[in-house]
Amino acid sequence: MDTNLKLNNLIYPYFVIAGKNKQQEIKSFPGIYRFSLDRLVKDIAQARRLGINKVLLFGVGERKDALASAAFQKDNLVAAAVKAIKREFPDLQVFTDVCLCAYTLHGHCGILKGHRSSFGYAQDGQVTLCRGQASHKLIIDNAQTIKILAKIALSHAEAGADWVAPSAMAKKQVLAIRRALDLAGYRKTKILGYSAKFASNFYGPFRNAADSSPRFGDRRQYQLDYKDALAALKEIKDDINEGADMVMVKPALSYLDLIREAKHKFNKPLVAYNVSGEYAFVKYGARQGLWDEKKMVEEIISSIKRAGADFIITYHAKEIAKWLERI
Ligand code: PBG
């Protein structure tokens, strides 16, 4: 393993579920699990021993409704996870994903206009869609969405998160969160903007993991068009102006040009998200004997670093740490 690959630059994602003593495998996401809090803390202890010092948390499997209320309710799952982690590992840098898609019935990242009457209901844990919904025009209520994102972020900050990371691609989400945090006295809680987040085909395994696929429509109305580099750079600039402490390009591999450009254009720490589909490519190919997993990961992570990323969110982090230990 290339020793230039510093564990300090890697952020490892975790999926958190309610309950006790649970470690669930995730369909089509080899090597990645959903953990209940007790098991999460144990797994993080192992990651710590390997040298990982940054984690990103996603809450999964909570009650879904039109307003994503499970995401910001008192003692919500992610807040509870942050508390438990910080109790055990006070110096671990904890990032939390701030989004609605795992908590809304329709699976979109924002509140939809007209949601109360026409966007489905939950029955025995199943989401049933109302008739005619598929053809319903998808309109995000941005003002309402950023209010809720701010509430979610605040609940994570109160629990002790070091970084909150809004990923809904709602307009002015960073500003709304910064204001809410400052007002409540959380000036030190930092914001990582998922600034240039593309409407990508590479999120498949993640959506299985987080049960966050849109039940109808897609995310092209609020995520970026991969043909449009200028729009991506503008989003990054906007996030910086709104107060983001770090900015992100996501996914990583098909967007190395933008990582490079953003790094040169803006004087901000840059994060690249090596997403679930990129990870799955490597895993499935290695299983088929098409390539050596370790060498492939080394090439990929090196290329993302070479392009200019300061930090990389990657599902490979634990394995990289193990490989580094053995060099
Ligand atoms: C939620 C979110 C997604 C990912 C991170 N946060 C899914 C999406 O936008 O559909 C994807 C991460 C991955 O694929 O690893 N908004």
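His-316 sits in the loop between β12 (311–314) and α11 (317–326). In this predicted model, His-316 has 1% relative accessibility, so it counts as buried. Leaving aside residues up to four places away in sequence, His-316 touches Asn-274, Tyr-279, Val-282 and Val-297. Beyond that histidine, here's a quick tour of the salt bridges and the cavities.

**Salt bridges**

- Searching the whole structure turns up 15 salt bridges.
- One of them pairs the side chains of Arg-48 and Asp-91, at 3.0 Å from N to O. Arg-48 belongs to helix α1 (residues 37–50) and Asp-91 to the loop between α2 (77–88) and β5 (93–98), so this pair ties together parts 43 residues apart in sequence.
- How exposed are the two partners? Arg-48 is partly exposed, with a relative accessible area of 24%, while Asp-91 counts as exposed at 53% relative accessibility.
- Asp-310 and Lys-263 also form a salt bridge, with their closest N and O atoms 2.9 Å apart. This one links distant parts of the chain, 47 residues apart: Asp-310 is in the loop between α10 (293–307) and β12, and Lys-263 is in helix α8 (residues 256–265).
- Asp-310 has a relative accessible area of 25%, so it is partly exposed; Lys-263, at 27% relative accessibility, counts as partly exposed too.
- Glu-293 and Lys-283 meet through their side chains at 2.8 Å, N to O. Here the link runs between helix α10, which holds Glu-293, and helix α9 (residues 276–287), which holds Lys-283, ten residues apart. Both Glu-293 and Lys-283 are buried.
- There's a network as well: salt bridges link Lys-64, Asp-211 and Arg-215.

**Largest cavity**

- The structure has two cavities of 30 Å³ or more, and the largest holds about 260 Å³ of space.
- Its lining has 28 residues, and the closest to the cavity's centre are Phe-58, Asp-97, Cys-101, Ser-167 and Phe-206.
- α6 gives the most, with three.
- By class, the lining of the largest cavity comes out at 17 nonpolar, six polar and five charged residues.

**Second largest cavity**

- The second largest cavity contains about 40 Å³ of space.
- Lining it are Tyr-12, Pro-13, Tyr-14, Phe-15, Gly-31, Ile-32, Tyr-33 and Phe-35.
- β1 (10–17) and β3 (33–36) each supply at least two of the lining residues, with β1 providing the largest share, four residues.
- The class count for this lining is seven nonpolar, one polar and no charged residues.

Key:
Residues are numbered from 1 along each chain as its sequence is written. This is a predicted model: local features need pLDDT of at least 70, side-chain atom pairs count only at pLDDT 80 or more; totals for chains, interfaces and linings use all residues. Side-chain values use heavy atoms; hydrogens and water are left out. On a 1 Å grid over the protein atoms alone, a cavity is a set of points where a 1.4 Å probe fits but cannot get out, and a pocket is an open set with protein on both sides within 12 Å along at least five of seven lines; lining residues have an atom within 4 Å of a point. Grid points are joined across faces, edges and corners, and a volume is the space filled by probe spheres set on the points. Ala, Val, Leu, Ile, Met, Phe, Trp, Tyr, Cys and Pro count as nonpolar, Asp, Glu, Lys and Arg as charged, and the others, Gly among them, as polar. Buried means under 20% relative accessible area, exposed over 50%, partly exposed in between (1.4 Å probe, protein chains only). Contact means heavy atoms within 4.5 Å. A salt bridge is a side-chain nitrogen of Lys or Arg within 4 Å of a carboxyl oxygen of Asp or Glu.
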